[in-house]
Amino acid sequence: MLKFIGKRFLWMLVTLWVIITVTFVLMRFAPGSPLDVDDVGMSEQARANMMAHYNLDQPVIMQYFNYLKNAVTFDFGPSMVTRSREVSDMLASGFPASLQLGLVTLVLAVISGIILGVLAALRHNKMIDYVTMFIAIIGISIPNFIQAMLFIQYISTQFDFFPTAQWGTWRHAILPALALASGPIAIIARMTRSNMLEVLTEDYIKTAKAKGLSNFQIVVKHALRNALLPVVTILGVLVASIFTGSFVVERIFAIPGVGQYFVESITNRDYPMIMATTIIYSTIFIIMMFIVDVVYGIIDPRIQLHKKEE
Amino acid sequence: MEDRSQKKSASNVPDEWFVPLPKEEQRETVHHKGDSYWRDVMQRLFANKLATTGLILIFLLTIMAIIGPMLTEHTYRSQSILNSNTAPNGTYWFGTDELGRDVFTRVWYGARVSLFIGLAAALIEFIIGVAYGGISGYRGGKIDNVMMRIVDVLYGLPYLLVVVLLMVVMGPGLFTIIIALSITGWIGMARLVRGQVLQLKNAEYVLASRVLGGSNNRIIRKHLLPNTSGPIIVSMTLTVPTAIFAEAFLSFLGLGVQAPVASWGTMANDALGVIQTGYWWRLFFPAFFISLTMFAFNVFGDGLRDALDPKMRK
């Protein structure tokens with residue numbers, strides 16, 4: 001087990017290194033930079049100072065090592081657009097809102113996804129099953145940013161209860177979280193449902209019934225535990241989709257989060273900002289994947305991690 | 001005594017029997033047509049109402065993508081400022097946008113863009129993924145190990161974020177979207193194909209084919225690929241909505257196709273500015289048709305998977 005975690009940890013570091021390097025290389029190749037535009041007529045000295053300010057005066061290989069060193073400490077230097085501000089400070093100011101939204105979304109997705117999936121499986125081919133599957137198909141079919149906009153157009157403008165363009169109380173979080181969560185809810189519900197249907201036909205469920213256990217005990221203690229195992233594996237991917245979704249949903253609802261900055265930095269070609277956001281999100285994602293793999297190994301005793309994985 | 005008689009009988013076997021058949025030429029020529037399996041699959045697929053609906057919708061959407069922009073006298077880029085933001089009426093069936101461009105024409109023009117990207121992404125993913133996964137799984141050993149470690153690292157990267165990054169570098173446009181989606185999209189397919197090939201390459205019928213002198217090429221073409229085609233087709237079908245979503249997402253971020261070309265993502269993005277003004281048709285039509293397309297491909301892909309899954313057979 002420890003050997004597996006160690007090995008997996010090393011691979012995580014390699015993946016992190018790859019994403020940092022790829023980001024660096026891509027951004028060096030990216031066309032245009034805010035520094036090229038000197039409509040005010042930048043003097044040679046000013047340009048040189050500017051280059052030094054962004055560490056662009058050194059050879060590329062030195063820039064790379066500097067960058068690698070700074071990335072480890074999450075120090076990404078000053079922004080190219082808001083020149084007086086450090087990228088890390090800007091990200092730190094947006095992080096709380098993004099984190100809140102992300103957590104609310106994740107909790108909402110996991111809890112309602114599992115509940116819907118279980119109910120659908122227990123009432124297989126009954127009304128609630130069809131309703132759940134219908135919700136699931138809708139959740140997968142309508143892109144999250146379209147949902148967000150539809151929510152504003154058809155719900156927010158009609159009911160004052162759901163304010164937009166602000167962030168503060170829990171009421172601000174409902175609609176954006178719902179728009180972000182519906183895709184993951186759909187995926188979790190479908191997966192839970194099909195796993196439950198499979199597990200419920202197993203012999204040990206019959207045994208449990210024969211022992212005289214209550215339905216609740218059978219479902220929660222025997223069926224659900226096994227049905228939820230595969231769901232754990234997709235959590236990493238879901239978190240990634242919530243991240244990327246939050247870029248646009250934050251923009252649509254005007255939530256002052258990291259996603260807003262990211263979208264702005266793309267439009268403004270603010271490379272330090274793009275790099276920083278990419279690396280932070282990738283890091284969180286890669287760490288999530290690592291945790292998911294390890295947790296999966298711990299909760300499913302049938303998996304022998306030290307054996308070669310297929 | 002028994003041992004001895006067995007030895008004797010073994011030595012009675014004529015030596016010619018042990019001469020291997022010449023390769024390829026004299027191989028067994030009887031092929032199993034194998035179409036009854038696909039007939040079964042089709043039957044199960046069409047028994048599934050939702051999947052059939054999906055297939056019909058895909059068909060209709062494709063037809064409309066081809067002829068839709070030709071049904072009106074407006075083009076996707078012709079502007080008519082006097083008629084800006086007109087509600088749907090007899091001339092402008094889905095209304096107009098702020099430049100007076102016909103939303104109906106633009107929606108179907110966007111369908112062309114979306115379907116083209118979806119199909120191109122699925123096709124490229126198929127080619128790269130099958131080649132990579134096939135080689136990796138079939139060769140096995142060190143080659144497999146190295147190839148899969150590379151895939152593992154790439155698999156650990158957040159897909160859409162990498163696409164966004166690539167688009168920032170390559171610049172917006174139809175073909176850069178397809179390239180960006182292809183660079184990241186084949187990984188899942190490669191893993192899938194490799195897993196299938198690993199499972200199948202030691203199957204007895206593959207061994208039988210080898211004994212009968214089947215070449216690697218023949219084994220891959222005649223045995224491995226047909227038997228993995230089910231999951232591959234399902235994966236391709238489900239790639240289409242993913243790619244369509246990615247295009248809309250990128251266009252929404254301003255990284256997709258560029259004006260005046262219409263895409264569902266850019267149309268939704270344009271509608272964001274007028275979202276609280278009551279010009280509901282600006283958002284509704286692109287939103288409706290992108291969702292319908294995603295719905296169609298998703299239910300069709302799901303239906304296909306169920307139809308191909310031998311576990312469902314009774």
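Buried means under 20% relative accessible area, exposed over 50% and partly exposed in between (1.4 Å probe, protein chains only). The model is predicted: local features need pLDDT of at least 70, side-chain atom pairs count only at pLDDT 80 or more, and totals for chains, interfaces and linings use all residues. Residues are numbered from 1 along each chain as its sequence is written, chains are lettered from A and ligands numbered from 1 in the order in which they are written, and side-chain values use heavy atoms, with hydrogens and water left out.

**View 1. Chain A, with twelve helices and zero strands.** Helices (H or I, at least four residues) and strands (E, at least two) are DSSP runs, numbered from the N terminus. Of the 310 residues of chain A, 47% count as buried. Contact means heavy atoms within 4.5 Å; among the contacts in chain A with a separation of 6 or more, 74% join residues 24 or more positions apart. The accessible surface of chain A is about 15,600 Å² (Shrake-Rupley method, 1.4 Å probe; for residues, only the protein chains shown count as cover). Carbon and sulfur atoms hold 66% of that surface.

**View 2. The interface between chain B and chain A.** Here 44 residues of chain B are in contact with 48 residues of chain A. The size of an interface is often given as the accessible area lost when the parts come together. Between chain B and chain A the buried area (accessible area, 1.4 Å probe, that two parts lose on being put together, summed over both) is about 4,000 Å², and carbon and sulfur atoms give 77% of it. Four residue pairs, both at pLDDT 80 or more, are in polar contact between the chains; the term stands for a pair of N or O atoms within 3.5 Å, where within protein one must be able to donate a hydrogen and the other to accept it, and residues adjacent in sequence count only if both atoms are side-chain atoms. On the side of chain B that touches chain A, H11(B) gives the largest share, twelve residues. That side divides into 33 nonpolar, six polar and five charged residues (Ala, Val, Leu, Ile, Met, Phe, Trp, Tyr, Cys and Pro are nonpolar, Asp, Glu, Lys and Arg charged, and the others, Gly among them, polar).

**View 3. The salt-bridge network of Arg190(A), Asp302(B) and Arg305(B).** A salt bridge is a side-chain nitrogen of Lys or Arg within 4 Å of a carboxyl oxygen of Asp or Glu. Arg190(A) pairs with Asp302(B) at 2.6 Å, N to O, and one salt bridge is counted between chain B and chain A. Arg305(B) pairs with Asp302(B) at 2.8 Å, N to O; both lie in helix H11 of chain B, three residues apart, about one turn of the helix. Asp302(B) counts as buried because its relative accessibility is 16%. Arg190(A) is partly exposed at 22%, and Arg305(B) is partly exposed at 37%.

View 4. Leaving out residues up to four places away in sequence, Phe297(B) touches Ile58(B), Leu115(B), Thr237(B), Leu238(B), Val240(B) and Pro241(B). The C-alpha atoms of Phe297(B) and Leu238(B) are separated by 6.6 Å, with the two residues 59 apart along the chain.

**View 5. Ser246(A) in helix H10 (residues 235–252) of chain A.** Ser246(A) is buried, at 6% relative accessibility. The side chain of Ser246(A) reaches the backbone oxygen of Phe243(A) at 2.5 Å. Apart from neighbours within four places in sequence, Ser246(A) is in contact with Leu180(A) and Tyr281(A).
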